[in-house]
Amino acid sequence: MNSQLRRAVGTALATALGATALAACGGESGGTGGQDGGGSTVTLVTHDSFAASEEVLKEFTEQTGYTVKVLKSGDAGTALNKEILTKGSPQGDVFFGVDNTLLSRALDNDLFTPYEAKGLDRVAAEFQLDGEKKRVTPVDTGDICVNYDREFFAERKLEPPRTFADLAEPAYKDMLVVENAATSSPGLGFLLGTVGAFGEDGWQDYWTKLRANGVKVVDGWEQAYNEEFSGSAGGRQSGAERPLVVSYASSPPVEVLYAEPQPEEAPTGVATGTCFRQIEFAGLLDGAKNEKGGKALIDFLVSTAFQEDMPLNMFVHPVVADAKLPELFTEHGVVVEEPATVAPATIADKREQWVRSWSSIVLK
Amino acid sequence: MALLRLEDVGVRFGGRAALDGVDLEVPEHRTVCVLGPSGSGKSTLLRVVAGLQRADRGRVLLAGADQAGVPPHRRGVGLMFQDHQLFPQRDVAGNVAFGLRMRGAGREERARRVGELLELVGLPGAQRRAVPTLSGGEQQRVALARALAPEPKLLMLDEPLGQLDRGLRERLVTELRGLFGRLGTTVLAVTHDQGEAFALADRVVVMRDGRVAQSGTPLEVWQRPASRFVARFLGFDNLADCTVSGTRADTPWGAVEVPAGAPQGEGTLLVRPSGVRVGPEGEGLAATVEARTFRAGRVAVRLRPDAGPGLEADCALGEVPPEGARVGLRFGVGETVVLDRA
Amino acid sequence: MVLDRPEVDDSARAAPPAGTAPRGTAVRFALMAVPVAFFAVFFAYPVSAIVSRGLHHGGGWDPGRIVATATRPDILGVLWFTTWQALASTALTLLLALPGAYVLARLDFPGRRLLRAVVTVPFVLPTVVVGAAFLALVGRGGLLDDLWGVRLDTTVWAILLAHVFFNYAVVVRTVGGLWAQLDPRQEEAARMLGAGRFAAWRSVTLPALAPSLAAAALMVFLFTFTSFGVVQILGGPTFTTLEVEIYRQTADLLDLPTAAVLTLLQFAAVGTVLAVHARIVRRRETALRLVDPAHTAHRPRGAAQWLLLGGVGATVAALLLAPPAVLVERSLDTPRGYGLDYYRALFEVDSRGGSFLVPPIEAVGNSLGYALAATAVSVTVGGLAAAALTRRAGRLVRGFDALLMLPLGVSAVTVGFGFLITLDEPPLDLRTSWILVPLAQALVGIPFVVRIMLPVLRAVDERLREAAAVLGASPLRAWREVDLPLVRRALLVAAGFAFAVSLGEFGATVFIARPDNPTLPVAVARLLGRPGELNYGQAMALATLLMAVCAAALLLLERFRPDKTSGEF
């Protein structure tokens, strides 16, 4: 047998064995966290969009002695469902990323151990949707709003839409692209926004009008924004034709941030009358191995340091009053005065039914 | 009249000439055998006639009609491939009936013809047998039946018996010759085996490097090979340079008497093994017996003459000298031929 | 030239002398132990756990409810769409890819190797990348739009064409591989018997190709029946396959009972397809006379063949090259004109805050690491399985053969969620370990390794092993001295294929919670998931890198491709 091959096979086997051994080690170190009651690692389970700067995580370690291990577990809905599935034997200590559209599902499944975070008094009461039970702690808010392509409207000397009602006007025919409410979080948010704005009995009529006005539905945000929306980089390259898209209030500042060089004005704007407010929560997982570390982490999530780090990493707004917004947000962001809201309990009750009837109105 | 006529046919593969100005005729109801070592261009010759290979120059005429541009399936010729190329997915009947189906023959006619043909090739009742279960000889027979079924104007055989063992080959050769004679088939066969060619053919064509080296009846070729190459290819090894004047040839073996009318001047002398007479030492050319090979009743004796190249003699069983014996050699006049030097 | 491969049927080869039978069986079971354990722990156990949890939901086992769910009109609608789009995709793929199979098998032209590698690239590309690229072909401003003003992006045609894009290589490789080894004189023999060019093809070549055609068709059917990314991205909200519905029911709605029924439905369908496939593959190993493919290809002759070559070239260019080319173009298209800005940005830490704590380029390193680990696992497990399956025997072994293919027919979300509820206790508390990613990727890689290795191992003449044994080699030694040198190229090809498939694997990777070191497809998805031209440009650049790495791996494979075997891929 040729010696090169012998080496190659040897290496492959060694790699396989080594991998197994490493896996075993990994499993153990994950487990040691809880055994001494105050191990050095605290595990944060979250969705794929979570991001925090290295400095702020280091600061947490310096303050508390715990190292954060971040486990990304899919998009927001998937991540939550995974925690429900593994209830009692969670993958980590703290879960971050359940929002008001899914909150009831988390609470109904008794996912979290009540804990009142230090500094919760700095968080406005309107964000504390679990009231006195304190099972979840609000961490950030963000608004799902229709974005518009400034250049498109400027060229046509057309006033961009401002409200939900405007979107159904003939002037904006065939301009709006939205995400599927059944599969996309902004899609669902926008649907809930229309429910909030037109009421449980009025939203169906509104969507019938939207459909007549040529609304286009695609499956996810990536497609809507990158492929269909004329104001995005991808949309410009592919000659996208729709100047209105359901996205976030923070999208225009992000467009500025990720442009080279940074423009004076964002290429996109926000229709402030079309917003639905999302609030994201964190909770201590029932059955956490490192409960103490988990509590410290939740405290840290509402600390000023983390709250000020958040906007430029996840493009969301802080929930504590004393956190300063970065310049980018004050300059290019918008203030959404009266976002539409729907109570989490109502959402939990009606969500599936609404999505079903929405599908039959828009997709069939 | 010639059913098949090749005029100055040439084929080149890259820089090499596979066929180089070949002229050839196959008369109707006759069997012509192309004989040559591998690489001499004989398979290419068949492919050109079949239309599977385009000729770079020259003409192929079938019954007088130029075949340029006529696709293989319209030429009305049959080809039996060297390794038969039976269709493994079809049974024996499916193979034999293939050509009939292509001609649009009806089911009943096909069944009748298949039965007849299998009878003819000695495989009655083999219709439903699967190809992989056939022995080599049986495959050969099925291939033959398949090639005969559409009644081609011209049947071409590529090394028809090449893969079979000797006993089977000798038996089949006689069968084939009888069969073609009975059916009046016109046949063009190629082979590298002289025995096969001579037993099968009315005429043989010996090829070398894409050219025709000699053609004629088997007897003509056998008796008067046109060149040293042809002689060697036919298995004659008793060859030596010679200078002829009158009926005397000067050779390394000494002076040898040749028939009257032999070409004069420089040439090659061929002595057939039957023409080498072995006598007692001291009479004629002195030689030593090197080896003896027994062949059914006769013995081929390899001799090392004191002068000139080695010789082979054909002796009767009772007259064989022992190995190492010293003998004297004489040459029979009727068994010597003077060939071109080449 | 005819390769003198002995045409021995199963019974003749497989029957060992009576005395050695128990030992052979023992060896086979020893070889099978690792693959069986692997599949039990990392596939059968997690999947059956998640399915049975769904079926037992709300207490008790209720067959009536299963039937009721399975016959719901919406579920039947999904099943119907899944089936017919898979059938249509398969037919379209065969139609478009068969000329390609012919051209690559029979015509000798410059760039043949490159073309063969190129057509395989899409097969291993992750759908996240392709979705965007494919819209550039069938969507607004795409090639079809430019040429004929046709837009297919919201029609089922987009799905069908994307399926052709992905599966072209399956047909070209499976069918073309055999085609190249068919003796061209078979067709010539038919022509000598009076068959025209097409009649000769239809009556001789087509029947010889039929088993590999059927095998390819079934593989394409399997891949398109379980299609996920393509349907999700290109189908829009209106078109749903079983796989997509399973994902929605599980990941979005956590409706495990419905998901379990759907999984069973898909299982039944896939199981049937695999059973048929196994039968056909077995039948294929009958007495075709195969020749060295090096001698069957020839330069194109005549207008028809040049036309065909041109047509295939055009199809490949339009269907297989245009979408990736769009990605490359976009990765270079910066606001300051064409340049490498986005590629440079990949090497920088995002100083703006951003989601990458490390330069995105490190995703390349992560991906390579995961893919290497997955390759090691795939080759070890798949190689052992193939070795165990080499000697054909018994229904049990054949069942195992089909079992190895099952992961291709089970939704990644089912496997991922299954992992969550089963691998949560020592010694298998692997949920949060990075090793789960390569293990899940290996589940997809192993079937390919087995399919590539098996025909090669089976083609090794038993008499060679016997000769080695007579000369004093132990069975292990005989394997090392005889089999290994003969199959090492196939081994490299299998490893390379497993590597490429792992590299592009997206499903399992996203459904498994993982520490924060994204693979290439995940990083691309993450960059696409935020606004800003720099993010979009970097996503395109990273996707281009991913394609380049896949293409390089495949081109390397072409060098090692064993030329005498008819592996399926």
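Keep in mind that the model is predicted.

Let's start with chain B. Domain 1 of chain B gives four residues to the contact, and domain 2 of chain B gives six residues. Look at the domain 1 side of chain B, the one facing domain 2. By class, that side has two charged residues, one polar and one nonpolar.

Next, chain B against chain C. Here the contact takes 21 residues from chain C and 19 residues from chain B. Which elements of chain B give two or more residues to that side? They are strand 6 (77-80) and helix 2 (92-102). Helix 2 of chain B supplies the largest share, three residues. As for class, the chain B side has 11 nonpolar residues, five polar and three charged.

Last stop, helix 4 of chain C, residues 73-106. What span should its 34 residues give? At 1.5 Å a residue, the helix should span 50 Å. The end C-alpha atoms are 48 Å apart, so the two figures agree. Still, helix 4 of chain C has a bend. Where is it? At Ala97(C), by about 35 degrees. A proline, Pro99(C), follows within four residues of that point.

Notes
Residues numbered from 1 in each chain as written. Chains lettered and ligands numbered in written order. Predicted model: local features only at pLDDT ≥ 70, side-chain atom pairs only at ≥ 80, totals over all residues. Contact = placed C-beta atoms within 7 Å. Nonpolar A, V, L, I, M, F, W, Y, C, P; charged D, E, K, R; others polar. Expected span 1.5 Å × (residues − 1). Bend = angle between axes of the 7 residues up to and from the residue.
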